[in-house]
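Visitor: I have a structure open here and a few questions about it. Can we go through them?

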Amino acid sequence: MSDIDYKTVELDHETGLFCSMCLFTNVTNTIEIREKLITGKLQCCIANVAPIFDPFQVVVAANRAALNSTRNRMVTRNINTEILFNMSLSDSIVCALNQFGLSDDAKTILVVLVHKRGEEKAILEKISEDIKGENISVSHLKNYTDESLVKKTYIITGGLLQNRDLLDAIVSKISGSKISTLPSSRNRYRGGQHKQKSWQYADTE
């Protein structure tokens, strides 16, 4: 198996956790992956890439999910669905999963893993074994973003973008939708190359 390409960022020091992401395209077994997420056979978060403009958008949501978990304040049943919930502006878990969760016809997926220091390589390699697709650099994420869907999802109009870029507007929306703390660095990623495949959930209440 070839090495997996992923990016890692440190979350709030209070959590002692990190967030790693890896991107897969040309995925052919999405239905199978989704089933494994629902049954808990896959322990990670897998997100729909269309409404994701930038990896930092995911980091902000993962940071809040990790803080909620550390403080025993999670709204959903596990940290993986908590990430999706915190990317959404909605207070409905079902709506958040519909917006950001894996759909049966998805061909490009983003695997998101919240973990302790040094755990990511082995876990991502194991997860990657369940994904039939091509692992590519997370830096290519914007190639698969639907910008019009992003603006619709976050209710971003031209006036809101007048004095800021789209990512800043998204982060502002996420931060304002529910109480949150931003990770200390917007760009402090570290990457690795190891193996490939995965996804997430079981929480629709």
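Visitor: At roughly what angle do the axes of helix α2 and helix α3 cross?
Guide: This is a predicted model. In it, the axes of α2 (residues 55–70) and α3 (residues 79–87) cross at roughly 125 degrees and come within 8 Å.

Visitor: Is the crossing of α2 and α3 left-handed or right-handed?
Guide: The crossing of these two helices is right-handed.

Visitor: Which residues make the contact?
Guide: From α2, they are Q57, V58, A61, A62, R64, A65, A66, N68 and S69. From α3, they are I79, E82, I83, N86 and M87.

Visitor: And how many of those are nonpolar, polar or charged?
Guide: Eight residues in the contact of α2 with α3 are nonpolar, four are polar and two are charged.

Visitor: New topic. Which residues of helix α5 are buried?
Guide: In α5 (residues 120–128), the buried residues are E120, L124, E125, I127 and S128.

Visitor: Where on the helix do the buried residues of α5 fall?
Guide: Looking down the axis of α5, they fall within an arc of 165 degrees, so they line one face of the helix.

Visitor: What is on the other side of α5?
Guide: A122 and K126 are there, and they are exposed.

Visitor: One more. Is I46 buried or exposed?
Guide: I46, which lies in strand β3 (residues 45–48), has 0% relative accessibility, so I46 counts as buried.

Visitor: What separates the C-alpha atoms of I46 and L113?
Guide: A distance of 8.7 Å, although I46 and L113 are 67 residues apart along the chain.

Key:
Residues numbered from 1 in each chain as written. Predicted model: local features only at pLDDT ≥ 70, side-chain atom pairs only at ≥ 80, totals over all residues. Heavy atoms only, no water. Axes fitted to C-alpha atoms, helices over the stretch in contact; angles between N-to-C directions. Helix = DSSP H or I, 4+ residues; strand = E, 2+ residues; numbered from the N terminus. Left-handed = near helix turned anticlockwise from the far one by under 90°. Contact = heavy atoms within 4.5 Å. Nonpolar A, V, L, I, M, F, W, Y, C, P; charged D, E, K, R; others polar. Buried < 20%, exposed > 50% of the residue type's maximum accessible area, 1.4 Å probe, protein only. Arc of directions from axis to C-beta.
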